Amino acid sequence: MHPCPGRAGRVASARLVLRPDYRPGAGSPAAPRHLPSAVSARLGPKRPLRRAARPTTPDQATVTPSAVREVLRHDLPASVAVFLVALPLCVGVAVASGVPAELGLITGIVGGLVTGLLPGSSLQVSGPAAGLTVLVAEAVDTYGLGALGAVVLTAGVLQIAMGVLRLGRLFRAISVSVVQGMLAGIGLILIAGQLYTLVGASAPASGPAKLTTLPELAWDTVHSPRSLTALVLGVATVALLLIWPRLPRRARTLPAPLAAVAAATAATALAGLDVARVEVTGLLGAVQPPGGADLARLADLGLISTVAAFTLIASAESLFSAAAVDRLHHGPRTDYNKELLAQGAGNAVCGLLGALPMTAVIVRSAANVQAGGRTKASRVLHGLWLLVFVALLPAVLGYIPIAALAAILIHAGCKLLPVGETRALWREHRGEALVLTATATAIVGTDMFEGVLIGLALAIAKAAWETSYVHLAIEHLPDRRIHIRITGNATFLRLPKILDALDALPPGRRILLDLKGLNHLDHACNAALTQWADRYRTQPAVPADTAG
């Protein structure tokens with residue numbers, strides 16, 4: 001019998017040829033990585049290459065009168081729009097995280113004045129995000145407010161290190177289903193937790209407890225006039241958020257979150273409603289830089305996992321937001337490594353000030369693009385407006401009802417639930433939909449870090465299973481020969497299928513096991529095929545009339 005080229009070794013006998021050392025395209029020589037010196041000599045001496053001039057982006061443009069006019073015409077109005085969107089969100093995220101409202105504003109200021117000045121994405125706006133609210137609240141409840149600055153500082157340093165090592169693009173390899181499942185889990189916990197905040201109750205610590213005690217919360221709310229008042233105010237705020245985009249354009253001069261907070265604040269003041277309001281401590285009083293004792297606690301295993309979760313989620317959310325913002329405009333694309341450096345620098349500063357962690361926020365970034373922002377000046381100016389507000393009008397925060405901020409975050413949590421995407425995935429890629437659902441369920445049932453790890457493990461297992469597709473074609477030839485052709489990727493995951501098919505072959509035949517069509521043959525499969533070949537050769541031959 002004529003042997004065929006094999007792939008990773010050869011098991012041969014008079015009756016069996018196992019050919020695992022074949023490589024696709026092995027007949028054509030591989031191109032050399034480097035030219036031989038003789039060839040280089042024939043090419044002649046090297047000539048210096050002339051570097052092409054790099055196109056000037058809006059962020060690199062020189063300051064000219066026309067550039068200043070462009071900033072005043074486009075970026076200044078866009079910065080005001082972003083400021084109006086960011087103001088209630090900064091305060092709401094801080095209150096929902098269990099920290100002073102001023103810390104959310106500090107993070108917004110740093111996102112504009114520090115991260116906004118650095119290269120990366122010219123139109124993406126950073127600040128405190130609803131996606132990290134649950135994680136921050138858990139960290140503050142477990143380790144205290146003093147440890148928050150140490151965690152955020154360390155996460156920022158890790159982001160800077162990843163940017164220096166040019167690992168930014170690796171985050172694009174994370175399964176979209178895992179990211180959507182992560183956001184869905186965050187959204188579910190955020191909604192459940194803010195339902196307690198809305199009516200002035202204390203939320204349980206764990207995700208399952210937040211969901212299972214909702215009937216008890218409803219009973220207590222019905223029997224408390226103060227909670228009922230806050231509930232009505234929160235429901236009215238959510239209703240305004242839902243109705244606002246459907247109003248005529250002329251009526252929507254303010255962003256929906258700011259309009260909702262302003263309306264709830266005015267209603268509370270005019271009607272004298274007995275509801276909880278934001279507590280104001282002052283900007284300087286809210287700043288709590290981490291001390292030596294806080295930094296020493298980073299050796300705690302629980303804090304290490306919290307730092308890892310902050311770093312992973314903040315980086316992934318920022319870079320996925322950058323990809324989404326790039327699709328909204330035709331300007332320069334995001335440099336992911338530089339953006340990771342910028343996010344890390346911002347988080348390091350936030351950590352030094354004891355403020356909330358920051359990520360790029362798609363809501364503010366989209367508002368920046370839609371308002372006509374052209375350069376990074378719009379996001380820097382938005383940080384300046386936040387600073388001016390905190391410096392001149394801090395007392396205004398004390399009039400804002402907490403129920404209104406909770407309603408805004410409930411609305412934001414609903415936006416994190418990928419309902420439409422899950423339906424589309426279920427129709428087209430049910431495996432991805434299961435990964436999404438499992439990730440969200442794991443986050444609600446355990447915690448953020450473990451849930452994301454479970455989602456990543458499931459995504460990797462699913463990809464390994466799908467890429468290990470293998471096909472066996474068995475052909476019985478006239479002269480008692482059997483030709484078996486295996487194609488695809490032979491990994492240990494497919495060993496049961498391969499060995500079941502081989503064990504079902506009649507004994508005493510001349511078998512050609514053809515592996516030319518394999519793209520990959522791992523060690524486990526190679527060893528198993530070799531062992532099967534040894535066993536097959538020792539089987540007694542069956543007479544022709546009984547061999548089948």
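1. The model is a predicted one.

2. The space in this second largest pocket comes to about 840 Å³. It is lined by 39 residues, and those closest to the centre are Val95, Ala96, Ser97, Gly98 and Thr197. Two or more lining residues come from each of α2, α4 (133-143), α6, α9 and α17.

3. By residue class, the lining of the second largest pocket splits into 22 nonpolar, eleven polar and six charged residues.

4. The largest pocket has a volume of about 1,700 Å³. Its lining numbers 50 residues, of which Ile362, Val363, Arg364, Ala366 and Lys415 lie closest to the centre. The elements giving two or more residues to this lining are α2 (65-96), α6 (176-198), α9 (225-243), α10 (256-271), α13 (301-326), α15 (362-370) and α17 (402-416).

5. Which element gives the most to the lining of the largest pocket? That is α15, with six residues.

6. The lining of the largest pocket is made up of 36 nonpolar, six polar and eight charged residues.

How values were computed:
Residues are numbered from 1 along each chain as its sequence is written. This is a predicted model: local features need pLDDT of at least 70, side-chain atom pairs count only at pLDDT 80 or more; totals for chains, interfaces and linings use all residues. Side-chain values use heavy atoms; hydrogens and water are left out. On a 1 Å grid over the protein atoms alone, a cavity is a set of points where a 1.4 Å probe fits but cannot get out, and a pocket is an open set with protein on both sides within 12 Å along at least five of seven lines; lining residues have an atom within 4 Å of a point. Grid points are joined across faces, edges and corners, and a volume is the space filled by probe spheres set on the points. Helices (H or I, at least four residues) and strands (E, at least two) are DSSP runs, numbered from the N terminus. Ala, Val, Leu, Ile, Met, Phe, Trp, Tyr, Cys and Pro count as nonpolar, Asp, Glu, Lys and Arg as charged, and the others, Gly among them, as polar.
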